[in-house]
Amino acid sequence: MFLSMVILLILLTFVMLFCIKLVNKRVVRNRKSVVHLIWTAVFTTICYTAFILIPSDRPFPAYFAAGLYFLATDWLVVYLMLFTSAYTHVYPISKAPRRIIGFLAGLDSVSFIVNAFTRHMFELEIRHSGRLNLNYWHVQLKPPHIAHRIFVYLLVLYSLVIFTYQLIRVPNIYKRKYGSMLIQIAAVVGLNIFCAAMNAKFDYSVILYASLAISICYLALFASPRKLLERIHSTIVEDSVIGLFAYDNEGNCIDANRAAKELFAVSGDVYAAAEQYLAGWLETHKNNPANVIGSEQTLMQNGEEKNIYVNYQKFSDEKGRTLGSCFQFENRTEVVQKFKDEQYRATHDVLTGLLNRDSFESEVRRILSSANEPYCMVCSNIQDFKLVNELYGAETGDRILAAQASIIRKASHEDSVSARIYADKFATLVPKKHFNEQRFSESMSEITKSGLVDSFRLHYYIGVYDITDINEPVWTMYDKAIMAINAIYGSYEESISYYKDELLQHIIKEKETLGEFDRALEEKQFHMFLQPQIANSGAVVGAEALVRWIHPEKGMISPGFFIPTLEKAGLIHRLDLYIWENAAQKLEEWKKKGKEDLSISVNISTKDFFYLDVCGAFRTLAEKYDFRIKNLKLEITESALMENVREIMKALDGLHAIGYDIEIDDFGSGYSSLGMLKDINADILKIDMIFLQETKNAKRSATILKNIISMSKELGMTVITEGVETKEQVDFLMDFGCDMFQGFYFAKPMSLEAFEKEYFAG
């Protein structure tokens, strides 16, 4: 038995050396820790084999070999601990424990080497075994040896705890990886304790040391990874989102994973369905000799279309003989749908479902490039749509736009293309013969009856441009349809307008006017004209300042054209500032000439309050020029007062505080005249000429006019009536008590020179 044990230890040593050579040839994880562990096991086995073979008459070598064996067990469990950490990826929080363990192992090693001289750790004595018929060394342990055993068992316990922890927490497929390690380490410890407890002649646990090292090499680097790989591959295939049908060389389906079964949801044998699918595929691709074929296909599943990418692959051995084949099915339904959605969003307006601006342009170009009949561009716009959003909210506004888009689709012909350009502006390209003006207009008016907005009257404008040049830029066509809308915008009596070349000429003229405005101001091409205001005594008491543009080349430009143009462009405030300053300068000049009883009335437009600090501007004029502030009358129209009452009233209070008189112009032309008078502290009321025009209800008109004048007197306001053209009107107004008059009966607007020549003579 003794000889058998020695031979076994020698064989195990050679096997371990072979394992080291094998491990060093392979590129594997944890190789370093495995190699260290096996080398330590080799050293431990050699030391113990040498110890039991030393003759009984050689005590010192026996003590030395036994000491090496015990110190080797220290380092064996140290490297087992290091392997455990590397294998399980569970490391100490810091390097300090490893350094402490290394220090203790080194101290223990020195102690065992010194023991050959001191005998403080163990003693050896010769004993005889009658059954084995041999003498053997019996190790008599000393109390300090207990520290060595505690140290070794604690390190082994660490490895056992780590492997147990991993065994509990990892998935089932990894339990074999850690369980086999745990069992073998526990077996080594158990045998070692058993040998010590039974006071055995030999330490049989050395055999398990070597066996453990060999087993670790096999399990850690070969068997466990291979089996894990098989399990993981199997799990990956089964749980993969890629469907898989696998076939043998005869076309029989041998495997189908979960994804494939779900994709080919059939009642019955899924393998039969897979074989049928293969047969159909081979028939379709019988002329394609490639081993790998990819194809996009669609499948119907529960009434839904599935987009899949099919990859077919044949497998052959080294001699080209067919081993089998497989299908891989990638469900791309979501990807395809996402792409379609993105493509839709890139070409369509999400809210209305109509084309967006860019797609509309390309579609119009495509249709017109092959058109053999005339087309027209139809655009629509809602008046004051921003107000709808403010009053009823953006959600209601969106519902109106969606309803409008739906109506446009219904009213359009199949050869038409429609788009939402932006906000509430829509455009449709439609064959001219299919555009029905009445039908289109009636369809648009349906929204006003839909009840989306209760009290707000939606008014649609439709602009139509008959396309004469199909090569014209699309947005030029659109702009021309919009020009047609702009020509009637603001009118509730009209809703459809057709583009005419005159509209373009008007736009061009507006652009020219705006382009020349800065230079005209700089060169003082704008002139202040005055229309006299006559008191009921017949004396001239002032004049209204009116602006005239006298162009050096074009001559007189109509104020009926350039004033609305400047208002629309937001430039009127600059012209008003210019006229205000001219009036203040002229009043200063008149004061020096002794004509300080004359006043000039200047207009304040609605836009001035948006672009200027009106109060600040007139305060600056009062500081810059020496004139009687009361002589510069500030006219503001009744309609302007209605637009932003709070802000304008605040400004008027400021102007009053400076000393200016406020004059309400065009009184009677609006809808809230009487209600306005109670809130606005005005000084002068200028009655609109509408009351002097001929009417069937002349008596009613006279009664209203008479009462307005009477009421103004009671409010302490001076009354001036404009538009007076006949002596009868003058007599009529004087009978009612009107204070002042202005109109062609007395004088037309005239230049400053003509005014001063006419009224300053003498």
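Visitor: Is Leu 458 buried or exposed?

Guide: Leu 458 counts as buried because its relative accessibility is 5%; buried means under 20% relative accessible area, exposed over 50%, and partly exposed in between, with a 1.4 Å probe and protein chains only. The model is predicted, so local features need pLDDT of at least 70 and side-chain atom pairs count only at pLDDT 80 or more, while totals for chains, interfaces and linings use all residues. Residues are numbered from 1 along each chain as its sequence is written, and side-chain values use heavy atoms, with hydrogens and water left out.

Visitor: Where is Leu 458 found?

Guide: Leu 458 sits in the loop between α14 (437–445) and β11 (460–466). Helices (H or I, at least four residues) and strands (E, at least two) are DSSP runs, numbered from the N terminus.

Visitor: Turning to salt bridges, how many does the structure hold?

Guide: The structure holds 28 salt bridges, each being a side-chain nitrogen of Lys or Arg within 4 Å of a carboxyl oxygen of Asp or Glu. One of them joins the side chains of Arg 332 and Glu 296 at 3.0 Å, N to O. Arg 332 lies in the loop between β7 (322–331) and α10 (333–347) and Glu 296 in strand β5 (residues 292–301), so this pair ties together parts that are 36 residues apart in sequence.

Visitor: And what does Asp 349 form a salt bridge with?

Guide: Asp 349 pairs with Arg 420, and the closest N and O atoms are 3.3 Å apart. This pair links distant parts of the chain, 71 residues apart: Asp 349 is in the loop between α10 and α11 (357–369), and Arg 420 is in strand β9 (residues 417–422). Both residues, Asp 349 and Arg 420, are buried.

Visitor: Which residues are linked in a network of salt bridges?

Guide: Such a network links Glu 544, Glu 635, Lys 686 and Glu 722.

Visitor: New topic: which residues lie nearest the centre of the largest pocket?

Guide: Tyr 69, Phe 70, Arg 149, Asn 192 and Asp 203 lie nearest its centre, among 45 lining residues. A pocket is an open set of points on a 1 Å grid over the protein atoms alone, with protein on both sides within 12 Å along at least five of seven lines; lining residues have an atom within 4 Å of a point.

Visitor: Which element gives the largest share of that lining?

Guide: Strand β2 (134–141) gives the largest share of the lining of the largest pocket, 8 residues.

Technical notes: On a 1 Å grid over the protein atoms alone, a cavity is a set of points where a 1.4 Å probe fits but cannot get out, and a pocket is an open set with protein on both sides within 12 Å along at least five of seven lines; lining residues have an atom within 4 Å of a point.
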